Amino acid sequence: MEKPRQGFWGLWNISFGFFGIQIGFALQNANMSRIFQSLGESLDNLTVLWIAAPLTGLLVQPVIGHMSDRTWLGRFGRRRPYFLAGALMASLALFIMPLSPVLWFAAAMLWILDASINVSMEPFRAFVGDMLRKDQHTAGYSLQTAFIGAGAVVGSIFPWALDQLGVANEVAGGGIPDTVKYSFWFGGLVYLISVLWTVFTTQEYSPDELRAFDPDANDEAQSTADALATRPMTSAFVWIGGGIVVAALVLLTGLEKEMYLLAALLVAYGVASIFAIHLAKSGRGANMLGDIVGDFSGMPPIMKKLALTQFFSWSALFIMWIYTTPVVAQYAFGSGDPTSAAYNEGGNWVGILFAVYNGVAALAALFLLPTMARRFGKVRTHMICLLAGAAGFGSFLFIRDPQMLLIAEIGIGIAWASILAMPYAILASSLPQQKLGIYMGLFNVFIVVPQLLVATAMGTVLKHFFPTEPIWTMAFAAIVMTLAALAMLRVKEISG
């Protein structure tokens with residue numbers, strides 16, 4: 001039995017909520033460094049404050065994925081309750097964020113905002129798989145990427161547009177300007193409305209219907225527990241040992257203290273593995289901890305190979321989101337002083353740059369990627385697009401004209417479109433239907449872990465090697481994006 005084929009408006013309704021989610025995400029990415037610096041934070045400490053984003057994603061996404069796989073609230077559905085809960089929390093955070101009176105309050109609101117975005121965002125990836133037949137997965141993820149691009153354009157360009165309309169873009173003596181405040185309030189409203197659209201225009205398949213569509217998938221929870229019961233404790237102690245090594249390196253080499261957080265996470269996962277394996281061996285492995293640990297170690301082989309590409313590509317993206325504002329303000333607008341008019345002008349131009357790469361991504365997702373995938377295959381398409389992104393990052397080292405930086409954003413936009421669509425299209429036929437939520441959440445671990453590494457390590461590199469020259473962060477971004485493309489050589493093309 002096959003799922004009914006969705007028409008255009010069915011695909012539209014399934015993914016429209018991502019338009020609002022991405023407006024909120026774009027406002028966060030383009031403006032949080034500006035908000036932190038406006039409230040008095042120094043350049044080399046920005047990464048510390050940005051730890052919120054990857055850490056909340058690391059903790060929230062696998063848990064929400066696991067829970068949404070097992071949720072059924074009748075007409076309220078399986079994934080939609082999480083869309084709505086996340087949207088309500090994120091919209092509230094967007095309204096409060098620009099009113100932050102001090103730095104610590106803004107940092108706390110970033111944690112809340114990012115956690116809420118993750119609660120909304122994670123089930124949307126699985127939602128496409130739930131609602132669409134396999135031959136429509138590429139179309140579904142491409143349209144979702146187009147909404148992501150369109151939402152990001154709106155979110156990125158809004159502060160600049162308000163400035164052009166005469167809204168105050170700076171505050172005497174420092175502070176968060178009205179252009180940012182009004183943009184966040186607008187974003188919170190659209191975020192909620194967009195998610196409500198998807199919630200009220202879609203009807204999810206019940207667990208019985210999903211089982212009818214995939215009758216061979218029944219005892220996955222028990223099979224995960226059985227596999228976990230056969231694992232030795234050795235792997236758990238390897239994770240713990242890795243955390244101890246990282247902590248020792250921080251202690252001996254003087255790395256930033258934030259690296260202790262990475263060490264703690266490695267140790268925590270090792271300890272969680274010990275408990276999960278022990279429960280499985282004693283016949284009590286069918287639980288959230290056991291499922292997360294067991295499914296992480298038992299990911300499909302193609303998912304493990306794609307994880308390396310995810311690791312490198314998202315490292316480059318996170319460097320861009322943190323450092324584009326200080327780079328553009330200093331090198332294209334001539335000011336590294338967050339209180340200056342030139343710096344704020346540069347901050348608004350970053351919104352334009354981000355709007356361009358997201359606009360390119362939206363168009364590429366609809367027109368370029370499908371054509372390239374048919375001609376070269378999904379794997380080679382992703383590789384080519386990642387190399388285009390590396391070229392875009394590298395061009396920041398040479399371009400000083402703000403207008404010419406728009407050319408760099410074309411390559412970055414093509415890469416962004418592929419990052420949002422191709423890995424999921426490649427995975428679509430490999431993931432079991434009834435575990436899409438947990439696997440999508442675990443796949444996103446390879447998005448947030450590199451961000452955490454960047455947030456803890458990039459500040460150390462910047463501080464010790466080029467404290468007044470943030471431009472070199474773009475060289476790092478170009479290198480790791482190239483490594484992401486090369487990692488695709490390990491991935492074999494799957495037909496369909």
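Buried means under 20% relative accessible area. That cut-off applies to the views below, all taken from a predicted model.

**View 1. D130 and its salt bridge to R79.**
D130 has a relative accessible area of 3%, so it counts as buried. R79 is buried as well, with a relative accessible area of 0%. The two residues form a salt bridge. Their closest N and O atoms lie 2.6 Å apart. The pair joins distant parts of the chain, 51 residues apart. D130 sits in helix α6, and R79 sits in the loop between α4 and α5.

**View 2. D130 and its salt bridge to R78.**
The side chains of D130 and R78 also meet in a salt bridge, at 3.2 Å from N to O.

**View 3. The salt-bridge network of D69, R78, R79 and D130.**
Salt bridges link these four residues in a network. Side chains of opposite charge can pair when their charged atoms come close. In the structure as a whole there are 7 salt bridges.

**View 4. D291 paired with R70.**
D291 and R70 form a salt bridge, with the closest N and O atoms 2.7 Å apart. The partners are 221 residues apart, and the pair links distant parts of the chain. D291 lies in helix α13, residues 288–297. R70 lies in the loop between α4 (52–69) and α5 (80–96). D291 is buried, at a relative accessible area of 2%. R70 is partly exposed, at a relative accessible area of 44%.

**View 5. Packing of helices α16 and α17.**
Two packed helices are described by the angle between their axes and the distance between the axes. For α16 (residues 378–395) and α17 (residues 405–427), the axes come within 7 Å and cross at roughly 150 degrees. Angles over 145 degrees count as roughly antiparallel, so α16 is roughly antiparallel to α17. The crossing of the two helices is left-handed. On the α16 side, the contact includes K378, V379, H382, C385, L386 and F393. On the α17 side, the contact includes A408, I412, A415, I419, M422 and I426. By class, the contact has 14 nonpolar, 7 polar and 1 charged residues.

**View 6. S183 in helix α8.**
S183 is found in helix α8, which covers residues 178–201. This serine is buried, at 1% relative accessibility. Neighbours within four places in sequence are left aside here. Beyond them, S183 is in contact with L27, F158, P159 and L162.

**View 7. A150 in helix α7.**
A150 lies in helix α7, residues 137–164. A150 is partly exposed, with a relative accessible area of 28%. Apart from neighbours within four places in sequence, A150 is in contact with F19 and A362.

Terms used: Residues numbered from 1 in each chain as written. Predicted model: local features only at pLDDT ≥ 70, side-chain atom pairs only at ≥ 80, totals over all residues. Heavy atoms only, no water. Helix = DSSP H or I, 4+ residues; strand = E, 2+ residues; numbered from the N terminus. Buried < 20%, exposed > 50% of the residue type's maximum accessible area, 1.4 Å probe, protein only. Contact = heavy atoms within 4.5 Å. Axes fitted to C-alpha atoms, helices over the stretch in contact; angles between N-to-C directions. Parallel < 35°, antiparallel > 145°, perpendicular 65-115°, else oblique. Left-handed = near helix turned anticlockwise from the far one by under 90°. Nonpolar A, V, L, I, M, F, W, Y, C, P; charged D, E, K, R; others polar.
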